[in-house]
Amino acid sequence: MDRWQNRVAVVTGASSGIGEACCKDLVAKGLIVVGLARREERLTQLKKSLPADQQARFHIRKCDVSVEQQVVDTFAWVDETLGGADVLVNNAGILRESEITKANNSADMRAVLDTNVLGFVWCTREIFLSQEKRNVTDGHVVVINSIAGHKIPIVPGLSTNMYAPSKFAVTALVEVLRQEFLQKKTQTKITSISPGAVDTEIIDDKIKANLPDLPLLRSEDIADAVSYCIQTPPNVQIHELTIKPVGEMF
C-alpha cells in the first residue's frame with residue numbers, strides 16, 4: 001500500500017456496513033479518506049471512533065449519490081480541499097422490499113436504479129474527470145457489485161425486483177468503463193467486487209428469518225478485498241472478484 005500513502009480515497013455509502021469497514025481499513029493503512037453518505041450523523045460517529053491520528057485523515061461529507069448535483073459538488077469540494085481523489089470505492093447501494101408487479105412501486109424502483117446504477121456513473125465520471133485535469137494516470141475505481149449482478153439468486157419469499165437488474169447493469173458498466181479508460185490512454189484501473197451475502201443492513205430480519213442457516217460474510221472481509229485489489233502491481237488489474245461465504249448455496 002506504499003504508493004497510496006497520503007493519497008485520497010473516496011468511499012460512498014460510508015455510514016455503515018462495507019463502506020464503514022472500507023473507511024476504517026483504508027485510513028488505518030495511511031490513506032486520506034473521504035466518507036460519503038446521506039446519514040451525516042453516522043459519519044460523525046465513525047470519525048469519533050477512530051484514533052486521533054486517523055481522525056485527522058478522515059473527512060466526512062453528506063452526499064446522496066443518486067442526486068447528480070450533490071455528487072458534482074462533492075467531488076469539486078474534494079478537489080478544492082484535498083487536491084483531488086485517486087481511489088474511489090463505489091459502495092452505496094440499496095435494496096427495496098417490493099415486487100416489480102406490485103402496484104404503486106415507482107418510487108422504490110427508481111430509487112434503486114438512481115442509487116445503484118446512476119450513482120455509480122456520476123461518481124466514476126467525476127473522479128475520472130478530476131484525474132484527467134490533474135494528469136493522474138494510475139487511479140483505481142472499485143465498485144461493490146454483487147453475485148446478483150451475474151446470476152439472479154432464488155430467495156424464498158423475496159423478489160430481488162430492480163436490485164438484480166441494477167447489479168447486472170453495474171457488471172456491464174465496469175466493462176464499458178474499462179474500455180473507455182483504455183481508449184483514453186490511462187493506466188486507471190477498475191475492479192468489480194461481487195460478494196455473496198454480507199452481514200449488513202441490506203440483509204434485514206425478514207431475509208434472515210426466511211433463510212435462518214444463511215452463511216454471511218463480514219463487512220471486513222470485503223474491505224480486505226478492496227485493499228488487496230488496489231495494491232496490485234501497476235501491470236495487474238483485477239477486473240472481477242467474486243467472494244462467497246463457505247457453504248453459500250446461491
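Asn6 sits in the segment before strand E1, and in this predicted model its phi is positive, about 60°, although Asn6 is not a glycine. Another asparagine, Asn161, also has a positive phi, of about 35°, and is not a glycine either.

**Two asparagines**

- Is Asn6 buried or exposed? With a relative accessible area of 54%, Asn6 counts as exposed because the cut-off for that word is over 50%.
- Asn161 is found in the loop that runs between strand E5 and helix H6.
- Asn161 has a relative accessible area of 3%, so it is buried, the limit being under 20%.

**Strands E1 and E2**

- Strand E1 (residues 8-11) and strand E2 run parallel and are joined by four bridges.
- Strand E2 covers residues 32-37, and six of its six residues are buried.
- Which residues of E2 point which way? Ile32, Val34 and Leu36 point one way, while Val33, Gly35 and Ala37 point the other way, and all are buried.

- Helix H8 has twelve residues (219-230), which should span 16 Å at 1.5 Å a residue; the C-alpha atoms at its ends are 17 Å apart, which agrees.
- The buried residues of H8 are Ser219, Ile222, Ala223, Ala225, Val226, Ser227, Cys229 and Ile230.
- What do these buried residues of H8 pack against? Their partners are helix H1 (17-28) and the strands E4 (87-90), E5, E6 (189-195) and E7 (240-243).

**Asp25, a residue of H1**

- Asp25 lies in helix H1.
- Its relative accessibility is 16%, so Asp25 counts as buried, which requires a value under 20%.
- Setting aside neighbours within four places in sequence, Asp25 is in contact with Ala223, Asp224 and Ser227.
- Asp25 and Ser227 are 202 residues apart along the chain, yet their C-alpha atoms are separated by 7.9 Å.

**The largest pocket**

- The largest pocket holds about 1,000 Å³ of space.
- This pocket is lined by 46 residues, and Gly93, Ile94, Leu95, Thr200 and Ile202 are the closest to its centre.
- Helices H1, H6 (163-183) and H7 (205-210), together with strand E2, each supply at least two residues of the pocket lining.
- Which element gives the most to the lining of the largest pocket? It is H1, with three residues.
- By class, the pocket lining divides into 24 nonpolar, 13 polar and nine charged residues.

**The largest cavity**

- Searching the whole structure turns up one cavity of 30 Å³ or more.
- About 80 Å³ of space lies in the largest cavity.
- Its lining has 13 residues, and those nearest its centre are Asn90, Ala92, Thr115, Asn116 and Phe120.
- The largest share of the cavity lining comes from H5, with five residues.
- How do the residues of the cavity lining divide by class? There are six nonpolar, six polar and one charged.

Terms used: Residues numbered from 1 in each chain as written. Predicted model: local features only at pLDDT ≥ 70, side-chain atom pairs only at ≥ 80, totals over all residues. Heavy atoms only, no water. 1 Å grid on protein atoms, 1.4 Å probe; cavity = no way out; pocket = protein on both sides within 12 Å on 5 of 7 lines; lining within 4 Å. Points joined across faces, edges and corners; volume = space filled by probe spheres on them. Nonpolar A, V, L, I, M, F, W, Y, C, P; charged D, E, K, R; others polar. Expected span 1.5 Å × (residues − 1). Buried < 20%, exposed > 50% of the residue type's maximum accessible area, 1.4 Å probe, protein only. Contact = heavy atoms within 4.5 Å. Pairing = 2+ DSSP bridges.
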